[in-house]
Amino acid sequence: MYCIETKDLTHAFSETEIVLNKINLQIPEGSIYGFLGPNGAGKTTTLRLILGLLKKQKGEITIFNKPFEGNRIETLSKIGSLIEAPSLYAHLTAKENLLILQKVYGCPKSRIDEVLEIVGLSDTKKKKAGKFSLGMKQRLSIAMALLHNPSLLILDEPTNGLDPNGIIEIRELLKKINKESNVTIVISSHLLSEIEKLVTHLGIIHKGSVLFQGTLEELHIEQSLTSVIRFQTSDNSKAVELISKHNISPKIIENSIVIPTIEKIIIAQINKELVSNNIDVYQINTEKNDLESIFIDLVK
């Protein structure tokens, strides 16, 4: 069952500037869905359309199994969002910021303390939001998005500008929210290594088109390789000729030879042949074909 589904979603800022070209997203309920792409790929535009912040031009948007058009207010009441920079009142405390929204949403006041506890800001007391660190501001913004107990959380670059410790804090927080509150989370980012540690599903967008959608495992299978073997030798050109005789297609990348994963016994045979042909083998190691390298291959 999909929490969000789009069909042929298309958007253009002008006749010559098509931002989205027939985007078909399928975001499973209960998932953490990573929406990946370089800056300008169309991530924020897509999320703005899903939230009704931009007027839809072409295509269909279905959320919670209902068309967004005609069910806008009901749908948005179940969604929490953070698009781009946090919107906070700098002269108010965390609790005072939440109190304003609590009146808008009409949810119980007790929910304020609950969300502050969830995001780890219970002890901020009378400290003004303007004096918060960037990580604390991001956590307060997530608390604001969670205040009305949504079923869906949409976050656009929530770790933007954070230091490594802040990124880890936000990652663990989102995992906790997803697991303990069963909230579907859609998170856009260009930080590929971080997304790989967080998401269950992902969509990759580039120049307004979706290049891949599915689980990480499916992405690895589709790209054929989950890992590669890297050789470092004294004569890479001659080594490539010898390795090619085993029906393997080696590549020279960054002064080393890269081949697909093969059986250990064949690696041992290749090593013997290289040494017997007076080629020194400095190192043989297995490298995981991570999300970043797959993403670069897809985009190219």
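Let's start with Y105, which lies in helix α3, residues 94-105. Before going on, note that this is a predicted model.

How exposed is Y105? Its relative accessible area is 38%. Buried would need under 20% and exposed over 50%, so Y105 counts as partly exposed. Y105 also takes part in a nonpolar surface patch, together with Y89, I100 and V104. The area of that patch is about 400 Å².

Next, a residue in a strand. T10 is found in β1, which runs over residues 2-12. Is T10 buried or exposed? The relative accessible area of T10 is 17%, and the cut-off for buried is under 20%, so T10 is buried. What does T10 touch, leaving out residues up to four places away in sequence? The list is L20, N21, K22, Q57 and K58. For K22 there is one more detail: the side chain of T10 reaches the backbone nitrogen of K22 at 3.1 Å.

Last, helix α9, residues 236-244. Which residues of α9 are buried? They are N236, A239, V240, L242 and I243. If you look down the axis of α9, these buried residues fall within an arc of 165°, so they line one face of the helix.

And what covers them? The cover includes three strands, β12 at 227-233, β13 at 251-253 and β14 at 256-260. Helix α10, residues 264-276, is also part of the cover.

To recap: Y105 is partly exposed and sits in α3, T10 is buried, and α9 has its buried residues along one face. That is all from me.

Technical notes
Residues are numbered from 1 along each chain as its sequence is written. This is a predicted model: local features need pLDDT of at least 70, side-chain atom pairs count only at pLDDT 80 or more; totals for chains, interfaces and linings use all residues. Side-chain values use heavy atoms; hydrogens and water are left out. Buried means under 20% relative accessible area, exposed over 50%, partly exposed in between (1.4 Å probe, protein chains only). Helices (H or I, at least four residues) and strands (E, at least two) are DSSP runs, numbered from the N terminus. The arc is that of the directions from the helix axis to the C-beta atoms. Contact means heavy atoms within 4.5 Å. A polar contact is a pair of N or O atoms within 3.5 Å; within protein, one must be able to donate a hydrogen and the other to accept it, and residues adjacent in sequence count only if both atoms are side-chain atoms. Patches are made of residues with over 30% relative accessible area and no salt bridge: like charges are joined within 9 Å, nonpolar side chains (Val, Leu, Ile, Met, Phe, Trp, Tyr) within 5 Å. Accessible areas come from the Shrake-Rupley method with a 1.4 Å probe; for residues, only the protein chains shown count as cover. A salt bridge is a side-chain nitrogen of Lys or Arg within 4 Å of a carboxyl oxygen of Asp or Glu.
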